Amino acid sequence: GISHSTKQGALKAQRARAGIRRMLELAHVVTTTSPALAEQYCAWGAARVRVVDNFLPARYAVSTSPPREDHTVTIGWTVGAEHRHDLLALGMRETLKDLLAAYAHVRVVSIGLDLGLSCAGYRRQGLVQYGELADHVAGFDIGIAPLDDIPFNRARSSVKLKEYAAAGVSWLASPIGPYAALGERQGGRLVPDGAWYRELERLVLDARARGKLAKRGRKWAAGQTVAANLAVWEDVLAEAVEVARGS
C-alpha cells in the first residue's frame, strides 16, 4: 500500500495547488518569470498573466578584484541542491573529472552543491550570501549552467547567466527554457547534450574567446538590472490598477 509519508506529501501538494489557484483567481494581474509557468497559471484560472524575467539587484556587484593565477582556468558552477538531477543526467561529474585529468591548469569550483569530485583541482564553496555572490563568481573564467530537458528546468528564469555575465565571466549553458534564446551576444555559448566536454575544452584553450564573451556579457548584463527595467514593472502595476478599477 501507499505509505503514510507519501499520502501526507500528496495531501500537502494538493493543498498547495488549491492555495495557488485561489490566489490566481483573486489577482488582477499575475506575474511570473517564464512562459512555461505563465501557461500553467493560465490553465489554473489566471485571467491575466505577464512574463517578467528576473533582473539583477543593485547589491549584485563585484566589489573586489579576486586574486588570480594567470596560468589557471577556473570552471565554476553556482549550483543548488535541485541541480543534483542535472549533474547526474548530463554526466557532468564525469565530464569535469575528465577535464581535470587532461589539463593540469584547469580548476573546478562549485558554489553550493558538492559535485562529488575527489580531484585535487576541485573545490566546493559552501552557500554564500547573495550580496557576496558576485565576488565569488568573479573568480571563475567559465560559468556553466547545465540543464536536463525536464518541465522543472523549462520553467526557470535566465538570472544565473545574468549573474555570470555581470561578474565578467563567459558562460556555457544548455539550450533549455530561458537559456535557449541566448548566446554569444549575451556573453556565452549554448551546449547540446553530449557536447559538454568538447565545448568546455574549446573555451578552456581559447583565452581570447573568453575575453570577448566576457566583454559582451558585461554589456548585456548592464541592461538587466532592476533599475534599468523599472518601466516593465510600472506597466504591470498600471495594468493591475486599471483592471481593479474596471472590476
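Two residues are in contact when heavy atoms of theirs lie within 4.5 Å. Keep that in mind for this predicted model.

Start with S174. This residue sits in the loop between β7 (170-173) and β8 (188-190). Is S174 buried or exposed? Its relative accessibility is 0%. The cut-off for buried is under 20%, so S174 counts as buried. Its surroundings can be listed. Leaving out residues up to four places away in sequence, S174 touches L90, A145, P146, L147, Y179, L190, V191 and W196.

The largest nonpolar core has 52 residues. Which residues have the most contacts inside it? They are I75, L115, V137, I142, I144, L161 and L200. Take I75 from that list. Not counting residues up to four places away in sequence, I75 touches L96, L99, V106, R107, V108, V109, I142, I144, L200 and V204. Another core lies apart from the largest one. This other core has seven residues, among them V30, A38, A46 and V49.

R107 belongs to strand β4, which covers residues 106-112. With a relative accessible area of 29%, R107 is partly exposed. Setting aside neighbours within four places in sequence, R107 is in contact with T72, V73, T74, I75, L100 and G121. R107 and A120 are 13 residues apart in sequence. In space, their C-alpha atoms are 8.6 Å apart.

How many aromatic pairs does a search of the whole structure find? It finds two. In one of them, Y60 pairs with Y130. The ring centres are 5.6 Å apart, and the planes make an angle of 40°. That pair is tilted. Where do the two partners sit? Y60 lies in the loop between β2 (49-51) and β3 (73-79). Y130 lies in helix α5, residues 130-137. The pair therefore ties together parts that are 70 residues apart in sequence. The two partners also have their own accessibility values. Y60 counts as buried, at 6% relative accessibility. Y130 is partly exposed, with a relative accessible area of 23%.

Notes. Residues numbered from 1 in each chain as written. Predicted model: local features only at pLDDT ≥ 70, side-chain atom pairs only at ≥ 80, totals over all residues. Heavy atoms only, no water. Helix = DSSP H or I, 4+ residues; strand = E, 2+ residues; numbered from the N terminus. Buried < 20%, exposed > 50% of the residue type's maximum accessible area, 1.4 Å probe, protein only. Core = buried A, V, L, I, M, F, W, Y, C linked by side-chain atoms within 4.5 Å. Phe/Tyr/Trp six-rings, centres within 6.5 Å; stacked < 30°, edge-to-face > 60°.
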